[in-house]
Amino acid sequence: KANGYKVLNIFHFLVLPDDDFFHELPETFPSDPPEPLPHFLIEPEEAYIVKNKPVNLYCKASPATQIYFKCNSEWVHQKDHIVDERVDETSGLIVREVSIEISRQQVEELFGPEDYWCQCVAWSSAGTTKSRKAYVRIAYLRKTFEQEPLGKEVSLEQEVLLQCRPPEGIPVAEVEWLKNEDIIDPVEDRNFYITIDHNLIIKQARLSDTANYTCVAKNIVAKRKSTTATVIVYVDGRWTSWSKWSTCGTECTHWRRRECTAPAPKNGGKDCDGLVLQSKNCTDGLCMQSFIYPISTEQRTQNEYGFSSAPDSDDVALYVGIVIAVIVCLAISVVVALFVYRKNHRDFESDIIDSSALNGGFQPVNIKAARQDLLAVPPDLTSAAAMYRGPVYALHDVSDKIPMTNSPILDPLPNLKIKVYNTSGAVTPQDDLSEFASKLSPQMTQSLLENEALNLKNQSLARQTDPSCTAFGTFNSLGGHLIIPNSGVSLLIPAGAIPQGRVYEMYVTVHRKENMRPPMEDSQTLLTPVVSCGPPGALLTRPVILTMHHCADPSTEDWKIQLKNQAAQGQWEDVVVVGEENFTTPCYIQLDAEACHLLSENLGTYALVGQSTTKAAAKRLKLALFGPLCCSSLEYSLRVYCLDDTQDALKEVLQLERQMGGQLLEEPKALHFKGSTHNLRLSIHDIAHSLWKSKLLAKYQEIPFYHIWSGSQRNLHCTFTLERFSLNTVELVCKLCVRQVEGEGQIFQLNCTVSEEPTGMDLPLLDPASTITTMTGPSAFSIPPPIRQKLCSSLDAPQTRGHDWRMLAHKLNLDRYLNYFATKSSPTGVILDLWEAQNFPDGNLSVLAAVLEEMGRHETVVSLAEGQY
């Protein structure tokens, strides 16, 4: 009972206290099972910041009373966490999960040898647990490949190795290979193998493996393509077995033959060496009425058997008579030619004033016919390549190569009687202005001072003989647009650029004369056409924007690009190097992928010149293949033009071919031409030898590197002359390969019909609808004036959060040199002018609205949407 009394007292002690006592008791008693350490159900993963998009890190732990992130050994502030809590229904334990956001700025601000990292830390009553470190890196992918594949010519069944080392990047780029733009899958085609270091191996080259190969590197940021490597798989010809001996003929001989078709040579492979036909006496010497004529592949004639009989005495007399007749005909021809020459000599002021029309070489000739029916023909590189003096490059197959000479089979310049004038495509201020004075505006507004009006009139540019190179227009303070159709050249005159109350007759023109081009050094190349805008000296209150297409490859940083301007005295001066602008620079250059936009308040003559700082610098070429519109002879000529990849260069060739009666046979192809000093090689393959033969005596033709790189020669091209055996042959199927030695190449798959009658001109690249050259007033711009004024008033003033014109320039990728815009009275207005020029003629206001939406300018977005509809 005593023990029971004690139990009752204890029970009484436990039951009777007031309620506040329970708050002093521990949550657990020693008899309860201990709470385990937290363990992570999800740990944070490594993340990459793409451009300016932040990343989220996430983790989950149980049981956890608290959970936080620590980044670079410092606790992340509690307000930056997003925490969620729940109870696991199975275990009854508390599960906590948390996430944080990491911005690009946070990562860039870290200094030290280690990358930016974060880890998750979870608490329970038993202690703490840390997750693994999750690294956050800024993702990127360089533009330049560390090693690019090189083109090759290989024999059938030979192993081919194409090497590729992708650009540096984070994360490391994945690599795939393209064959004629189709992805190569080694699982489907086991003849291909991609090594662990990204090289492509063709185990046994097949004819079907002749193609363009491209290495593609990609990660989460970007996708880069290497230059294309052209692989040509050739087949050397081999003889068939000898046929049986023929029956003994009347000439006491019989013969046998074999063909070079086991296999036939393909893709530039070697022809068979030896005799096609073999004959011998079939009477064991009893009859000797003929000689044996063994015929090799090089001596084959149109005779069915490939040999001729020895002449007899009657034939000798016939041959002597033919020779005498030929001599008489030649004498008559000389007399007639002399008569025609003297007659024509009286019709021309002089025969040829410029000797370059005779000595040729690769030097182009500016031809101006004295009669309207004579056409100007561009220089044909195949007509005088022997004049080139430069470095000699060692080639694998020098024995199979011949220079492009004056041989008539290589399509020399036509024998036209021409007159060469030393004139430019436009009249300069020193030339006679009488022929164009009537074309200009007859009067200027009276608000102009008399001396200024006279100066502007005297410096205005004349209309060119080719109106397709020039655009004229009369403009006032409302501004407008001048466009040279199909040339990629335009001049945007913003509203307010011309002072209030003044009227200017303005022009923009493309110069095609050689003497208008700036002088250049060996490593320099012309990247744009030479363009003039005027009138020079006109007073402007804000910059106009001159747009020109360029041919620089923007994927490389190995260029030094310079703007040049022609002074009034005619000499060229350096204006600015792109990327080196400062406060004293009079202009700004926005370089896009295919066009450059020059902002300047000084009208004049400009051109963009590039200087390669390394051999990796590349310019874009445009390859265009032309043939005759109709052909009634056995010969058929293919012309391959190698042009700077600008709209004006292609436009000029299309116009020229239209005059010459040519037609475009294939869609023009782009080629990246590197500054590696390697030549451009052109070759023709897979001709049906039973129907056609090539009159080229070598495997290929070559254009020297500096003739292309300098850009000083217009309409650069090579000609391949083919001959069909019969006029009944109307189908031409072949391949034409153009590639830089140890560089990129392109293949034209030609399948055309040779017609004796014109089939109609087919030059689809000249847009007949693009005839508008002048647009004036508000209709010339995409942004309505009220909305433009509203944007300028709201964005010109600096904002503390940066949501002003600087952010607009950043969002539109126009922030390469913000100080230029900062010097203008309305930075927003100049930025919008540049946006108008970039997006002409299809200015998409929805893109601009999206940018303003990101900047928080909702009221302006609504105005833009209303203006668009």
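A disulfide here is a pair of cysteine sulfur atoms within 2.5 Å. With that cut-off, a search of the whole structure finds five of them.

Residues are numbered from 1 along each chain as its sequence is written, and side-chain values use heavy atoms, with hydrogens and water left out.

On confidence: pLDDT is the predictor's confidence in each residue, from 0 to 100. The protein chain averages 77, and 74% of the residues score at least 70. Two stretches need a caution. Over residues 1-25 the pLDDT stays under 50, and the model has one contact beyond four places in sequence for them; contact means heavy atoms within 4.5 Å. Over residues 347-465 the pLDDT is also below 50, yet this stretch has 208 contacts in the model beyond near neighbours in sequence. What should we make of coordinates where pLDDT is low? Where pLDDT is low, the predicted coordinates should not be read in detail.

Now the chain overall. It has 14 helices and 47 strands. Helices (H or I, at least four residues) and strands (E, at least two) are DSSP runs, numbered from the N terminus. Of the 869 residues, 46% count as buried, where buried means under 20% relative accessible area, exposed over 50%, and partly exposed in between, with a 1.4 Å probe and protein chains only. Among contacts with a separation of 6 or more, 69% are between residues 24 or more positions apart.

Back to the disulfides. A disulfide is a covalent bond between the sulfur atoms of two cysteines. Cys59 sits in strand β3 (residues 55-62) and Cys120 in strand β8 (residues 116-124), so the bond ties together parts that are 61 residues apart in sequence. Cys59 and Cys120 are buried.

Another joins Cys164 to Cys215, S to S 2.0 Å. Cys164 is in the loop between β13 and β14 (169-170), and Cys215 is in strand β19 (residues 211-218), so this pair links parts 51 residues apart in sequence. The torsion about the S-S bond of Cys164 and Cys215 is about -75°, so the disulfide is left-handed. Both of these cysteines, Cys164 and Cys215, are buried.

Then there is Cys260 with Cys272, their sulfur atoms 2.0 Å apart. Both lie in the loop between β22 (253-257) and β23 (275-281), so the pair ties together parts that are 12 residues apart in sequence. Which hand does this one have? For Cys260 and Cys272 the S-S torsion is about 80°, so the disulfide is right-handed. Cys260 and Cys272 are both buried.

Two further cysteines, for the record: Cys533 is buried, with a relative accessible area of 3%, and Cys792 counts as buried at 12% relative accessibility.

Next, the sheet. Three strands form an open sheet in the order β13-β18-β17, with antiparallel pairing. Two strands pair if DSSP finds at least two bridges between them. The edge strands are β13 (160-162) and β17 (192-194), each pairing on one side only. From one strand to the next the twist averages 20°; axes are lines fitted to C-alpha atoms, for helices over the stretch in contact, and angles run from 0 to 180 degrees between N-to-C directions. Between β13 and β18 (residues 200-202) there are three bridges, in the antiparallel sense. Leu161 has Ile201 in β18 as its bridge partner.

Last, the two buried residues. Ser683 lies in strand β41 (residues 680-685) and counts as buried at 4% relative accessibility. Its side chain makes a polar contact of 2.7 Å with that of His685. A polar contact is a pair of N or O atoms within 3.5 Å; within protein, one must be able to donate a hydrogen and the other to accept it, and residues adjacent in sequence count only if both atoms are side-chain atoms. Leaving aside neighbours within four places in sequence, Ser683 is in contact with Lys699, Tyr700, Phe720, Lys735, Leu736 and Cys737.

Thr646 is in the loop between β38 (635-644) and α7 (647-660). Thr646 is buried, with a relative accessible area of 8%. Beyond its neighbours within four places in sequence, its contacts are Leu527, Pro529, His549, His550 and Cys551.
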